[in-house]
Amino acid sequence: MAQSYALQYLAKAAVSAPRDIFNSYVARFKPIHPTCLIFNCTFVCDARCEMCSNWQRGDRKSDMTLEQIDHALQSPLWKNVEMCMISGGEPTTRNDLVEMTQLFLDRLPKLRKYGINTTGLTPHRAIPMITKIAELCEKKGVIFSCRVSIDGVGEMHADVRNVKNAFEKANKTITALRQLQKRVKFNFGVSATIFNKNIDDCENILAWAKRENLDIVFNMVRFTEAMLGNAELGGAVKPIGREEERLRKFFMERVRMDPMMDGQNYIHMHYADMIGNGYHREAPCPFQTQGIMLNPDGGLFFCENSEVIGNVLTEDAEALYFKATSQKHRDWVKETQCPTCLSPCQMNVAAVKQVVPYVKFLVRATREKRRKAVPPVPAAAGSVSD
Ligand SMILES: C[S@@+](CC[C@H](N)C(=O)[O-])C[C@H]1O[C@@H](n2cnc3c(N)ncnc32)[C@H](O)[C@@H]1O
Ligand code: SF4
Ligand code: SF4
């Protein structure tokens, strides 16, 4: 599956390469319309994760209604959006998630990829909703991707998410969606967010995903007020010192062991590089020039390290995006946040479109693969595993 995932993107990337190169060139000189959108459709959640605080700010009353989303989408700002990711909070807590999807499919003329991250913790809602969404996307010829979050095997997942039987519940959704893949074409996998609590479970999660033949991406924990509401958690849950080094080796091992064309390899190398070099970002990011994020209440912001620049309910989204004060803020993000930012948002997808950084990655990944695998660093005495 990982191979077909990468090949599908590479094929699409090749087709759109001339336009992508042109866009990137133009974006150097003037702001361009965004091509990647992440919409946190609600902060209401069916979990209470330890590394994310979105569940604490869930408020259904301030979520944009379908009509309000439709109104906001009338703005010309969205005319070039090719990738739209739905996140949150838990998207499947919205009763109108399927109708909302139809709205995006209808209103985004250039849409090529639509994705949803879900806990899968409420299978009786998630399974029918994702089924309908996969069908709608297939009908429209838009690639649909879905990932279920798994942060540990068995009890660890329940502990991280603070939900009883979380692993079993998420697995019910996973099983049903894999079954669905036999009938409807879409990309499916799981994602694991690693922080100091579940760092000892990395290998377990990986072994489980391999046994189950599931495509997996590992996230390194991040702290962002705009996207996860969790800036205050930094000191408490970030792996440090020896734990960080274990994580670096784990990520680098993924680069060595996983198939070269795996879409996640680029992200795993980025994490390993950043830990290794003291958090200096070398990887490109589509959000510097072509990304936009929208919060449930209509708050618009450039990326996970940007402030909210205004609200699409009270101002036209295009006017808001291009106005001088907004662009000045984006310059501030680029100058002060990008150099140390861990975010992998859409990086694997965007990476294949950027010829020079992607070729550099392929060369480095090949070199790493030739190296002998190193044994993992054992847990330090007194670490969370003890
Ligand atoms: C914010 S959640 C929203 C979607 C859904 N509620 C879920 O958990 O899958 C999107 C992704 O962010 C990941 N995530 C949560 N906290 C994070 C953190 N502090 N750093 C990086 N990723 C995080 C989740 O594990 C999930 O894969
Ligand atoms: S990671 Fe997802 S499930 Fe967990 S609190 Fe955040 S939004 Fe909710
Ligand atoms: S701060 Fe991070 S997410 Fe934002 S544009 Fe820079 S690299 Fe991308």
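Me: Which residues does Leu 320 touch, leaving out those up to four places away in sequence?
Reply: Leu 300, Ile 309, Gly 310, Val 312, Glu 315 and Ser 326. Bear in mind that this is a predicted model.

Me: Where is Leu 320, and how many C-beta neighbours does Leu 320 have inside 10 Å?
Reply: Leu 320 is in helix H12, residues 317–322. It has 18 C-beta neighbours inside 10 Å, so it counts as partly exposed. The cut-off for buried is 20 or more.

Me: How far apart are Leu 320 and Leu 300, in sequence and in space?
Reply: They are 20 residues apart in sequence. C-alpha to C-alpha, the separation in space is 8.4 Å.

Me: And what does Leu 300 stand opposite?
Reply: Leu 294. Leu 300 is in S8. Strand S8 covers residues 299–301 and pairs with S7 in the antiparallel sense, over two bridges.

Me: What about the hairpin of S7 and S8, how many residues are between the strands?
Reply: Four residues. Gly 298 in that hairpin takes a positive phi near 100°.

Me: Which residues of S7 are buried on each side?
Reply: Gly 291 and Met 293 are buried on one side. Ile 292 and Leu 294 are buried on the other. Both faces of S7 are covered.

Me: How many bridges join S7 to S1?
Reply: Four, and the two strands run parallel. Phe 39 has Leu 294 in S7 as its bridge partner.

Me: Zoom out to the sheet. What is the strand order?
Reply: S6-S5-S4-S3-S2-S1-S7-S8-S9. The sheet is open, has nine strands and shows mixed pairing. Its edge strands are S6 (215–220) and S9 (308–311), each pairing on one side only. The twist averages 25° from one strand to the next.

Me: Remind me, what do strands of a sheet pair through?
Reply: Backbone hydrogen bonds, either parallel or antiparallel.

Me: Now S1 and S2. Parallel or antiparallel?
Reply: Parallel, over six bridges. S1 is residues 36–42 and S2 is residues 83–88. Leu 37 stands opposite Cys 84 in S2. Thr 42 has Gly 88 as its bridge partner there.

Me: Is S2 enclosed or open, and why?
Reply: Six of the six residues of S2 are buried, so the strand is largely enclosed by the rest of the structure. Met 83, Met 85 and Ser 87 are on one side. Cys 84, Ile 86 and Gly 88 are on the other.

Me: What is the peptide bond from Gly 88 to Gly 89, cis or trans?
Reply: Cis, with omega near 20°. Gly 89 is found in the loop between S2 and H3.

Me: Which residues are around ligand 2?
Reply: Gly 88 and Gly 89 are among them.

Me: Backbone check. What is phi of Asn 213, and where does Asn 213 lie?
Reply: Phi is positive, about 60°, although Asn 213 is not a glycine. Asn 213 lies in the loop between helix H7 (202–211) and S6. It is exposed, with 9 other C-beta atoms within 10 Å.

Me: And Tyr 279, what is its phi?
Reply: Near 65°, also a positive value in a residue other than glycine. Tyr 279 is in the loop between helix H11 (265–276) and strand S7 (291–294). Tyr 279 is exposed, with 12 other C-beta atoms within 10 Å.

Me: Last one. How many helices and strands does the chain have?
Reply: 15 helices and nine strands. Of its 386 residues, 46% count as buried.

Key:
Residues are numbered from 1 along each chain as its sequence is written. Chains are lettered from A and ligands numbered from 1 in the order in which they are written. This is a predicted model: local features need pLDDT of at least 70, side-chain atom pairs count only at pLDDT 80 or more; totals for chains, interfaces and linings use all residues. A residue is near a molecule or strand if its C-beta atom, placed from the backbone, lies within 6 Å of it. Two strands pair if DSSP finds at least two bridges between them. Axes are lines fitted to C-alpha atoms, for helices over the stretch in contact, and angles run from 0 to 180 degrees between N-to-C directions. Two residues are in contact if their C-beta atoms, placed from the backbone, lie within 7 Å.
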